[in-house]
Every structure is written in C-alpha cells, then in structure tokens.
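Thanks for coming, everyone. Have a look at it first.

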Amino acid sequence: MPGAIYAEGLVKTFGDVRALDGVDLDVPEGTVLGMLGPNGAGKTTAVRVLTTLLRPDRGKAVVAGIDVLARPDEVRRSIGLSGQFAAVDEYLTGRENLTMVGRLYQMSGREAKRRAVELLERFHLGDAADRITKTYSGGMRRRLDLAAALVVSPPVMFMDEPTTGLDPRNRQELWDVIQELVAGGTTLLLTTQYLEEADRLAHDICVVDHGRVIARGTADQLKARTGGERVEVVVHAPEHLTVADEVLRGFGKGEGTVDPHTRKLTVPVTGGAKLLAEVIRELDLRGVEIDDIGLRRPTLDDVFLSLTGHHAEGDADDGADDGSAGRADTDGGAVGRQKRGRGGAGTAGADTGTTSDREGVK
Ligand SMILES: Nc1ncnc2c1ncn2[C@@H]1O[C@H](COP(=O)(O)OP(=O)(O)O)[C@@H](O)[C@H]1O
Ligand SMILES: [Mg+2]
C-alpha cells in the first residue's frame, strides 16, 4: 500500500531545465522524509507539485490517499505547507495572522481565536502575539509560518527548507517544534540543504541532484556510504607523523591518509567521542604533540562528493560550511538522537497557505 506521500516518475521541465527528472517517493504514514539537496536540485519543484501548486509534465502523485492531479482541492484540505515562501501578512499581528487562517478554513470566530492562542503559546510567541509581524525576527516568523500551517492539524505536512538562513539557536528551536509535531503522528516531507537537519528529524533521507533521487536510506546508511566518521589529527612536528600514523591505525576501521605538508592524518573510525578520548590518551602516551584533533563526520558536501563525484555546488548558504555537520567534538552522539515513532493521523484540515512563487526567503 502506498504511503501518505507517494510519487511515481514525476517530471517537470522549465525550458531546457529538467527540474524534476523522474522522481519516485514513498513516505509511510507517520514518518518523516528528509529531501536533501543543494540549491537548484529540484526540492521546491517537488514540493510544489505534491502540494498542487504546480502540474508536472509527467508522473503520478498521491497525498493522504488522494490523487494530486485528479483531486487537487481535496489534497489541499489534507495538507499543511510551510517554508521557503512564508505566508504571513507583515501588517497583521501574530494573533491576527493565525485567526485569519482559521477563519479561511471555516472555523467559527471563537474557535479560530482559541486555536490561535494555543498555537502562539506552543510556538513561544505568546509575548509577541499582539505585535505586527513586521517586527518579528527571522526565527519568530518561521515559527509563525509553521504555526499557520498547523491551524487545522493537517495529517500530512510539507516544509520547504524550514531553517535555511536561521541562526543555530533558532534552528534548534524549530527542530524541537518539528519533533513535537512529528511525535503527534504527522507525516512530513522536509526539504533541506543540511545533512544534520535531515539527520535529526528524518526517518529516511533521499538525496536529490539535478531533479533525480540519487540515493536514499537512513542517515546512518548514507553516512556509511560516505565513509562514516573520521578522526582528524594535526601533529605539531613532522617527525611525529610516523608514530601518530601507527597509533591511528590501531584505532582505524579502514585506510587512513597522511599529508606531510599540513601534518594532518585522518582515519575512519566508529565509536564517537569516547574513542576520540582514547586516541588522545594514546598519542600522549607515545609522546606525540598535537596541534589539533577532532572527530569529523561527513558533511553534505562529503555525501555529494561521494555520490556524484562533484561538490554540492554554488549557493549562498551551503550546508558544508556552516559547521552544522562538521566537527562533532562535543557531540559524538548526535547520530543516535531519538526518532519519534508513528502515531495516529491528525484530523483532516487544510492549508496550502500560499500560491506565491517567491523564492529564497533567506
Ligand atoms: N518557475 C520556474 N521557471 C524556470 N525555472 C525554474 C522555475 N522553478 C524552478 N526552476 C529551475 O528548476 C531547477 C530546480 O529548482 P528548485 O526546485 O527551486 O530547486 P531547489 O528548491 O532544490 O533549490 C532550478 O534549475 C531552477 O532554476
Ligand atoms: Mg528550494
């Protein structure tokens, strides 16, 4: 039986550009699919097709059991959409924005107000409820946008790069909110450029590039394909390279590298922060002085490089350099974060929120 979000052979071209080039998806009910890819990969196009905002040239899509092409209005009533095109009205307050969405979906005035209060609290916007949203920070707007998508508790949600451009604190807050939501049984398709985000939130990940799904699996499976985590050491003096290399081999789970110019050694490992501590102790015992040591986990760029042979290319806000998936010195356990289980679906409802084409709200 197809999942809550299902697609088969989706193709969408814009002139010469094949934005979607045969995309298949199947997201079981109550789970999160992370769609990971660089700018221009086709993520937003996929979301727009699945949320009825754009007709594909070819292919089939079924969302919440409803055929997207044949019955778009019904699909709209069963989904929530949030993300790159924020749907809030700048000149209304947070409370007014949420109440308006409720009214749009035929709630009574009283019910709409009640729901607005509930969501404002849940998204930590209670204090700002009566300020116009023009004065909100980026993180607050994202939270309000998410809240707006949840007014009617849709069983299936789409979030298009919900945290792109947010600072780490706001990103963390939004992740918490999303995890809560998913714990309630919502099926979610989330697009992102950040491996760590997919890692934290998604049960399954599909990597897209040039309109195609080039890999899928759990975060751990993808990382394993990319070589998993590595210990990276920079020794203080070149004459220590040989001994350091011996030590690292003792801990390694595969071929390491030694670069005499940078005095840097790397070796694939398993065992996280605990193992790192052991490596440091052993290097110390053997008299190796180190300038730097860290546990490095694959970045989005590593995943891309390994899957496609090219870097995740040319964009302003590339996950590879924001540190989000880079060194994990203090948090070797990020891979084992809890995944929220499945649960019952919410009530039917609707909010596609927007028909705007606006891109790059960063
Ligand atoms: N409305 C459009 N008109 C022309 N080209 C588009 C349009 N929307 C997307 N594209 C192109 O399709 C490709 C995929 O875009 P998009 O789905 O926005 O990628 P992503 O969301 O992964 O960054 C890009 O090359 C983009 O320039
Ligand atoms: Mg996009």
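Start with the largest nonpolar core. This is a predicted model, and in it that core has 71 residues. Which of them touch the most other members? They are Ile-5, Leu-50, Ala-61, Val-63 and Leu-189. One helix gives this core its largest share: H5, residues 138-149, supplies six residues. There is also a second, separate core. That one has 14 residues, including Val-267, Leu-276, Val-279 and Val-288. As background, nonpolar side chains tend to be buried together in soluble globular proteins.

Let's zoom in on Ile-5. What does Ile-5 touch, if we skip residues up to four places away in sequence? The list is Leu-25, Val-27, Leu-50, Val-63, Val-156, Thr-187 and Leu-189. Notice Leu-50, Val-63 and Leu-189 there.

Leu-50 takes us to helix H1. Leu-50 is one of the buried residues of H1. H1 runs over residues 43-50, and eight of its eight residues are buried, so H1 is largely enclosed by the rest of the structure. After H1 comes Thr-52, with a positive phi near 75°.

Back to H5, and its neighbours. Two packed helices are described by the angle between their axes and the distance between the axes. Take H6 first, residues 168-183. The H5 and H6 axes come within 10 Å and cross at roughly 15°. An angle under 35 degrees counts as roughly parallel, so H5 and H6 are roughly parallel to each other. The crossing is right-handed. Who makes the contact? From H5, it is Gly-138, Gly-139, Arg-142, Arg-143 and Leu-146. From H6, it is Asn-170, Glu-173, Leu-174 and Val-177. By type, that contact splits into three nonpolar, three polar and three charged residues.

Now the other pairing: H3, residues 94-104, with H5. Their axes come within 9 Å and cross at roughly 20°. H3 and H5 are therefore roughly parallel to each other too. Again, the crossing is right-handed. H3 brings Gly-94, Asn-97, Leu-98 and Val-101 to the contact. H5 brings Leu-144, Ala-147 and Ala-148.

Next, a strand. Leu-190 sits in E8, which covers residues 187-192. Is Leu-190 buried or exposed? The cut-off for buried is 20 or more other C-beta atoms within 10 Å. Leu-190 has 27, so Leu-190 is buried. Leu-190 touches Val-32, Gly-34, Met-35, Met-159, Pro-162, Leu-201 and Ala-202, leaving out residues up to four places away in sequence. Look at Phe-158 as well. Phe-158 and Leu-190 are 32 residues apart along the chain, yet their C-alpha atoms are separated by 5.9 Å.

Last, the whole chain. How many helices and strands does the protein chain have? There are 11 helices and 14 strands. The chain has 362 residues, and 45% of them count as buried. Then take the contacts with a separation of 6 or more: 71% of those join residues 24 or more positions apart.

That's my tour. Questions, please.

Definitions and conventions: Residues are numbered from 1 along each chain as its sequence is written. Chains are lettered from A and ligands numbered from 1 in the order in which they are written. This is a predicted model: local features need pLDDT of at least 70, side-chain atom pairs count only at pLDDT 80 or more; totals for chains, interfaces and linings use all residues. A nonpolar core is a set of buried Ala, Val, Leu, Ile, Met, Phe, Trp, Tyr and Cys residues joined through C-beta atoms within 7 Å. A residue is buried if 20 or more other C-beta atoms lie within 10 Å of its own, exposed if 12 or fewer, and partly exposed in between; C-beta atoms are placed from the backbone. Helices (H or I, at least four residues) and strands (E, at least two) are DSSP runs, numbered from the N terminus. Two residues are in contact if their C-beta atoms, placed from the backbone, lie within 7 Å. Axes are lines fitted to C-alpha atoms, for helices over the stretch in contact, and angles run from 0 to 180 degrees between N-to-C directions. Angles under 35 degrees count as roughly parallel, over 145 as roughly antiparallel, 65 to 115 as roughly perpendicular and the rest as oblique. A crossing is left-handed if the near helix is turned anticlockwise from the far one by less than a right angle, and right-handed if clockwise. Ala, Val, Leu, Ile, Met, Phe, Trp, Tyr, Cys and Pro count as nonpolar, Asp, Glu, Lys and Arg as charged, and the others, Gly among them, as polar.
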